[in-house]
Amino acid sequence: MQGLVIRGRIWKFGDSIDNGNIDGVMEGVDPEFKNKVAPGDILVAGKFFGMGASDEHAPRSLKQAGIAAVVADSVSNIYQRTLINIGLPAMECPGITSIVQEGDEIEIDFTSGEVRNLRNGQSRNGDRLPGLALDVLQQGGLIPYLKGEFTRKKTPVRG
Amino acid sequence: MGMTITEKIIARAVGKEQVKVGDFVQANVDKLYIKDLRFSKKEDARGLYGVLLEVLQSMGTDRVWDAKKIITNLDEQPARTERRTEGQEMARKFTREQGSILYEGEEGGIGHNVIVEHGHVKPGEFIVGADSHTCTYGALGAFATGIGFTETVGVLATGKIWLKVPLAIRFELRGRPGPCVVGKDIVLWIAGKIGYEGAINRTLEYTGAGIDVLSIESRLTLCNMAVEMIAVNAIIPPDDRTVSYMREVSDGHFKLYQSDADAEYEQSHVVDLSRIDPQVAAPEYPSNAHPVGDFRGLKIHQGFIGTCTNGRIEDLRMAAEILRGRKVRPGVRLIITPASFMAYGLAEKEGLMEIFRQANATVTSSECGLCVRPSLAAGEVCISSGNRNYRGRMGPKESSVFLSNAATVAASTVTGEITDPREFL
């Protein structure tokens, strides 16, 4: 396990964005977003990010658009697991939306749980991801992680 | 510090004495449920089985972690879309090659009902399912939560899942529910109280003397709709009724867990069941719940009784009691879809089907049915015994869905407007 720190420009979204609105790179909230977002950008959202159905089509669209990380005041449990499992770092960080404005650059330390706004120096503490989740992210998601695990360790993943 | 029943089950699945709220843990799964649609190529062009076989190959095997713990069900019978036929074909192939369990045809219905009725859900188990309403199984004292596509592949390959131990909210139920008040009304009332996101990433625990009087069916409804409050899981600590139900449907081997007296809850609420009226949730959230009387006179075009929430025998009996000797109002349609063929057969034996026929209701074969398939035209209104009333859930976005118990649906189709079923008793 190594540390995971991501730095990038943010796009800020509101509360209660459900799976249906996330589909098609946030199409339900901002149809133009997919043309504005650049690889490496970070998505910041308010409370209850990823409510509703568990269909993976929507979170995969964020990953395909090159979004480097998701941070929200709160994230539905299944959504946070899904994002990490498809290789997109996601953190629940209460209060994050209160310290950032659209376009700010932030730095997220997934090991310590600290999120820092590089423009104004303010910070908030969120989830510290466990070693397993960091390992999964390091490998690009659960599928590549599982594929690599056997070869790396030469021991069964099961048991 | 004591533990809640959810924490105890997670700790057992993790192989530890104790877990704490907020811990990220890796748990060993006791059962995995997969619905047919998850086998389609919608979420990944290789399909669930295709991705799984790649993973298994890299692990030097072609076998899943434990075929006897995997249950698949065909939720739509017959399949009506190419996605569904694709999913069902792969579900059958997977079952054949891996030796897992599949329900379809006369043994089937809606997966969540079928696996409960066949005794696959046991108290104390750690269960995950590739469908958001997997939380239903908590009614029998199990931990159960929904998982996504990639996680399903992970569980199939390793039998493990990682998750964060959730905060707990306790609802202590007291008193006795009045006539025509069942699990659906209680859970809608609770959703109305705490709001759509009221249980986000929490476990919901229902306890108290009020639970004693609730049927297993009502308990399943209480837990089924926990995901409508974005809970991780919902759970009812097992009691005598749970144990006698489990002896009926399973081999009787299971472990009972109870919450400790000093377990920690983020919130505790008391609910007096005797003060709850039959509830109706207006569009577009299940938490938009109010007493049925608030909607008096609201015109409807369709009633629907079915789904994993309220298509069980208790619901069919309640509907039949209202419909006995009455008819669905001309110009209004009532569609009844028993949640499983077991419930269908029982309804037939009890003469309920004859009552539905006499009332001019349409009875369909057992499946998820209209809950996930358009049946409304623009401007039409449906009152449904299901769980979701989001915009466009049952038709174009100009159609709307109200949620209630099965008796309220039946009564409303007799009058053509939302009606308090107690007026018909």
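Guide: What follows covers the sheet, then some backbone angles. This is a predicted model, in which local features need pLDDT of at least 70 and side-chain atom pairs count only at pLDDT 80 or more, while totals for chains, interfaces and linings use all residues. Residues are numbered from 1 along each chain as its sequence is written, and chains are lettered from A and ligands numbered from 1 in the order in which they are written.

Strand β1 (residues 5–12) of chain A runs antiparallel to β5 (residues 105–109) of chain A, with five bridges. In that β5, A:I106 is the bridge partner of A:G8.

The loop between β2 (42–45) and α3 (57–64) of chain A holds A:F48. A:F48 is not a glycine, yet its phi is positive, about 60 degrees. Most residues other than glycine have a negative phi, and most peptide bonds are trans. A:F48 counts as buried because it has 23 C-beta neighbours inside 10 Å; the cut-off for buried is 20 or more other C-beta atoms within 10 Å of the residue's own, with C-beta atoms placed from the backbone.

In chain B, a cis peptide bond with omega of about -5 degrees joins B:Q77 and B:P78. B:P78 lies in the loop between β3 (70–73) and α3 (82–98) of chain B.

How values were computed:
Two strands pair if DSSP finds at least two bridges between them. Helices (H or I, at least four residues) and strands (E, at least two) are DSSP runs, numbered from the N terminus. A residue is buried if 20 or more other C-beta atoms lie within 10 Å of its own, exposed if 12 or fewer, and partly exposed in between; C-beta atoms are placed from the backbone.
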